[in-house]
Amino acid sequence: MKFAVVVFPGSNCDMDCYHALRDVVQAPVECVWFREALPPDVTAAVIPGGFSYGDYLRCGALAKHAPVMKSVRELAAKGNPVIGICNGFQILTETGMLPGALLKNTCLHFLCHDVDLKTERKDTIFSANLKDVVRFPIAHGEGNYYIDADGLKRIEDNNQVLFRYCSPEGVVNDGYNPNGSLNNIAGVLNEQGNVLGMMPHPERAAEMTLGCDDGKALFESILGALV
Amino acid sequence: MAQAKVIVMLKKEVSDVQGVTIQQTMQKLDHAEVAKIRVGKYFEIELNGDGLTKDQLKQKLEDICENVLSNTVVEEYQYELLD
């Protein structure tokens, strides 16, 4: 069992993810450069946040074509866990591995603050150990989740929404929607449930030194599913 | 060298928050006649298409538009291949 953290030119949360995995949950992990393929012993991949390729063209649009993504697709196709955080989420939607797309925040501001998230399911490889409501930071300009009406119905019917922006008590409404995301969606799964994309950053809330350790449980959940 | 022009716009049904914000600012700038603005991207492309027919070049261009220049989940594109 081993994690890979994929590094693109412009990634800036790669070392945070690496630290959370290696030092906080003590999992075997290595960073993999975008020009390489994932090593054969890798069983889970993290696509970290940042500004891959400077966000040129569209967020995630150029990273989609990076050589490493072929092996990320292959890993996901085998049913192994793949998680994309922030820019990683944008990359996974660009590749089509996750439904929908991330548009500019409706307020047009870059948002950088903590949010509360309702964990919609505990029966996934990412969420078994998570609390009902978790608090993670967001840091994005393009986190406004969009999908057409048919797609929205499909992902809701299939229970593919894992996280929604909510109040500290877990109430989901427009008042707690920071960026205009449809149905307050902050994180979605693929149909098979082994690929997760989320705008909030669990790796930035993985130990009390950072003020909150709710994110630790997400990495522990993946670890628990792999062992 | 063949030349192409590509325009990528958000689909009509997708809210264009940049366009709305610019339009609202226009109103405040004494340009009340501006009723709507939509923001898109414009590309000028030079294609080294030696030995390719116009149809083959069009196919290349379509592939570029579909798979790189636009995200068809939220955007639509139009292109023009110039002689």
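Author: Let us start with Asn184(A), which has 22 other C-beta atoms within 10 Å and is buried. Keep in mind that this is a predicted model.

Reader: What makes Asn184(A) buried?

Author: The label calls for 20 or more other C-beta atoms within 10 Å. Asn184(A) has 22, so the label buried applies. This residue lies in the loop between β9 and β10 (185-189) of chain A.

Reader: And why is Asn159(A) called partly exposed?

Author: Exposed would need 12 or fewer such atoms, and buried 20 or more. Asn159(A) has 13 other C-beta atoms within 10 Å, so it falls in between and is partly exposed. Its place is the loop between α4 (149-157) and β9 (161-166) of chain A.

Reader: What is the phi of Asn159(A), and what is that of Asn184(A)?

Author: Asn159(A), which is not a glycine, has a positive phi of about 55°. For Asn184(A), also a residue other than glycine, phi is positive too, near 60°. Another positive phi, near 55°, belongs to Gln26(A), which follows α1(A).

Reader: How do you know that chain A agrees with a compact globule?

Author: With 227 residues, a compact globule would have a radius of gyration near 17 Å; chain A has 16 Å, so the two agree. The C-alpha trace of chain A spans about 45 × 35 × 30 Å along its principal axes. Of its 227 residues, 55% are buried. Chain A has 5 helices and 11 strands.

Reader: Which residues of helix α1 of chain A are buried, and what covers them?

Author: In this helix (residues 14-24), the buried ones are Asp14(A), Asp16(A), Cys17(A), Tyr18(A), Ala20(A) and Leu21(A). Their cover includes β1 (3-7), β2 (29-33), β3 (44-47) and α5 (216-226) of chain A.

Reader: Which residues have the most contacts inside the largest nonpolar core?

Author: They are Val5(A), Val6(A), Ala45(A) and Val72(A), in a core of 76 residues. Setting aside neighbours within four places in sequence, Val6(A) is in contact with Val32(A), Phe34(A), Ala45(A), Val46(A), Ile47(A), Val68(A) and Val72(A). Apart from this core lies another, of 6 residues, including Val8(B), Leu61(B), Cys65(B) and Leu69(B). In soluble globular proteins, nonpolar side chains tend to be buried together.

Reader: How many residues does each chain bring to the contact between them?

Author: Chain B gives 7 residues and chain A gives 10 residues. On the side of chain B that touches chain A there are 4 nonpolar, 3 polar and no charged residues.

Reader: What makes Asp16(B) buried or exposed?

Author: Asp16(B) has 20 other C-beta atoms within 10 Å. The cut-off is 20 or more, so Asp16(B) counts as buried. It is found in the loop between β1 and α1 of chain B. Beyond its neighbours within four places in sequence, Asp16(B) is in contact with Leu10(B), Arg38(B) and Val39(B).

Reader: Where in chain B is confidence lowest, and where is it highest?

Author: The lowest mean, 94, is in helix α1 (residues 17-28) of chain B, and the highest, 97, is in strand β1 (residues 2-10) of chain B. Chain B has a mean pLDDT of 95, with 100% of its residues at 70 or more. The model scores ipTM 0.90 and pTM 0.96.

Terms used:
Residues numbered from 1 in each chain as written. Chains lettered and ligands numbered in written order. Predicted model: local features only at pLDDT ≥ 70, side-chain atom pairs only at ≥ 80, totals over all residues. Core = buried A, V, L, I, M, F, W, Y, C linked by C-beta atoms within 7 Å. Contact = placed C-beta atoms within 7 Å. Nonpolar A, V, L, I, M, F, W, Y, C, P; charged D, E, K, R; others polar. Helix = DSSP H or I, 4+ residues; strand = E, 2+ residues; numbered from the N terminus. Rg over C-alpha atoms; globule rule 2.2 N^0.38 Å. pLDDT = per-residue confidence, 0-100.
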